[in-house]
Number of protein chains: 2
Amino acid sequence: MAKSLLDQHQLKAVAKLFGLLAEPTRLDILQNLKKTSLSVGQIVDATNAKQSNISKQLGILHDAGLLKRERQGNLIFYSIADPMIFDLCALVCGKLRKDAESQLALIRSLGK
Amino acid sequence: MAKSLLDQHQLKAVAKLFGLLAEPTRLDILQNLKKTSLSVGQIVDATNAKQSNISKQLGILHDAGLLKRERQGNLIFYSIADPMIFDLCALVCGKLRKDAESQLALIRSLGK
DNA sequence: TGACAATATTACTAATTAGCAATATTATGT
DNA sequence: ACATAATATTGCTAATTAGTAATATTGTCA
């Protein structure tokens, strides 16, 4: 069995997907969409970003296939296209929490 | 139970970690370190990036706590600090593969 | 049709950063 | 001490992009 390393093209694709999750505003949008689909206005209210920025980031996430779009009259509702992203976020959050706990334990042991 | 959304600070931390994985060169370094630790020179040889850039990216990954560093005489060996990152990459790769397969199936059904 | 509300787009600025060549640092062997 | 090899750092440029205000588009209702 060979080494099976990703080639340049594949690395770029993986990097691009991670890049989509590398912005706080986009993560905020995604976590707000975790339970239910929301209109643009609702997302604007739920976050503290401007409408134009939210619209832009929604477009980016939609173009990348992470979000679905559905028009309902005057409103446009966005929803998660692939819940896998929450698995990613859960892993990262778990790691950060674990790191923080070790850090805390270290500090405690020093202060003793 | 409350909504339990991450706050701005936490979102930033998560985004930062994803950002580390959002560069092909860094991903390439990480996948080369998956099986064993390597010296800087070995990593330079394994990738097609220049020494100065590899050194810089190694520094970034090390500062972020994703890599461990160990001097052995004249060489400096880097290794993975937390294998969790490979879980992240596996998830992403799985998604990309699945997406590509659906795409392929779609094309096939159209061409029929 | 016209006013209005929701969303998207445009044009721009400021900030970040990958990559590079050149140079500096650090360790080894003689 | 000196030459050499390995790695790190510095100074720089080009490219990307988040965020914003202003404007355009699209749909609804009267």
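This is a walk through a predicted two-chain model, one selection at a time.

Before you click: residues count from 1 along each chain as its sequence is written, and chains are lettered from A, with ligands numbered from 1, in the order in which they are written. Because the model is predicted, local features need pLDDT of at least 70 and side-chain atom pairs count only at pLDDT 80 or more, while totals for chains, interfaces and linings use all residues, and side-chain values use heavy atoms, leaving out hydrogens and water.

**Stop 1: helix α1 of chain A**

Select residues 8-20 of chain A. Helices here are DSSP runs of H or I with at least four residues, strands are runs of E with at least two, and both are numbered from the N terminus. The end C-alpha atoms of α1(A) are 19 Å apart, which agrees with the 18 Å its 13 residues should span at 1.5 Å a residue; the expected span is 1.5 Å times one less than the number of residues.

Look at the N-terminal end and show A:D7. A side-chain oxygen of A:D7 lies 3.0 Å from the backbone nitrogen of A:H9, capping the helix.

Now colour by burial: buried is under 20% relative accessible area, exposed is over 50%, and partly exposed is in between (1.4 Å probe, protein chains only). The buried residues of α1(A) are A:L11, A:V14, A:A15, A:L17, A:F18 and A:L20. An α-helix has 3.6 residues a turn, so residues three or four places apart point the same way. What do the buried residues of α1(A) pack against? In chain A they meet α2 (24-32), α4 (51-63) and α5 (84-111), and in chain B they meet α1 (8-20), α2 (24-32) and α5 (84-111). Contact means heavy atoms within 4.5 Å.

**Stop 2: A:F18 and the core**

Centre on A:F18. Leaving out residues up to four places away in sequence, A:F18 touches A:L88 in its own chain, plus B:F18, B:L21, B:A22, B:L27, B:L88, B:C89 and B:V92 across the way. A nonpolar core is a set of buried Ala, Val, Leu, Ile, Met, Phe, Trp, Tyr and Cys residues joined through side-chain atoms within 4.5 Å. Which members of the largest one touch the most others? They are A:F18 and B:F18, out of 60 residues. Domain 1 (8-81) and domain 2 (83-112) of chain A each give this core at least three residues.

**Stop 3: the chain interface**

Show both chains as surfaces. There are 32 residues of chain A in contact with 32 residues of chain B. About 3,100 Å² is buried between the two chains, 74% of it on carbon and sulfur atoms. On the chain A side, highlight A:F18, A:Q31 and A:K95, which supply 20% of the area that chain A buries against chain B, more than any other three residues. Buried area is the accessible area (1.4 Å probe) that two parts lose on being put together, summed over both.

**Stop 4: between the domains of chain A**

Colour domain 1 (8-81) and domain 2 (83-112) separately; the bounds come from an automatic or database domain assignment. Their C-alpha centres lie 26 Å apart. Nine residues of domain 1 are in contact with five of domain 2. The two domains bury about 590 Å² between them, 93% of it on carbon and sulfur atoms. In domain 1, pick out A:L21, A:K34 and A:I80: they lose the most area to domain 2, together 50% of what that side buries.

**Stop 5: helix α2 of chain B**

α2(B) is mostly covered, with seven of its nine residues buried. One of them is B:L27, at 4% relative accessibility. Beyond its neighbours up to four places away, B:L27 reaches A:L11, A:V14, A:A15 and A:F18 as well as B:L21 and B:C89.

Next, show B:Q57 in helix α4 (residues 51-63) of chain B. At 10% relative accessibility, B:Q57 counts as buried. Its side chain makes a polar contact with the side chain of B:R26 (2.7 Å). A polar contact is a pair of N or O atoms within 3.5 Å; within protein, one must be able to donate a hydrogen and the other to accept it, and residues adjacent in sequence count only if both atoms are side-chain atoms.

**Last stop: helix α5 of chain B**

The 28 residues of α5(B) should span 40 Å at 1.5 Å a residue, and its end C-alpha atoms are 41 Å apart, which agrees. Its buried residues pack against α1 and α5 of chain A, together with α1, α2 and β3 (75-80) of chain B. Finish on B:F86, buried with a relative accessible area of 14%. Not counting residues up to four places away, B:F86 touches B:L30, B:Q31, B:K34 and B:I80.
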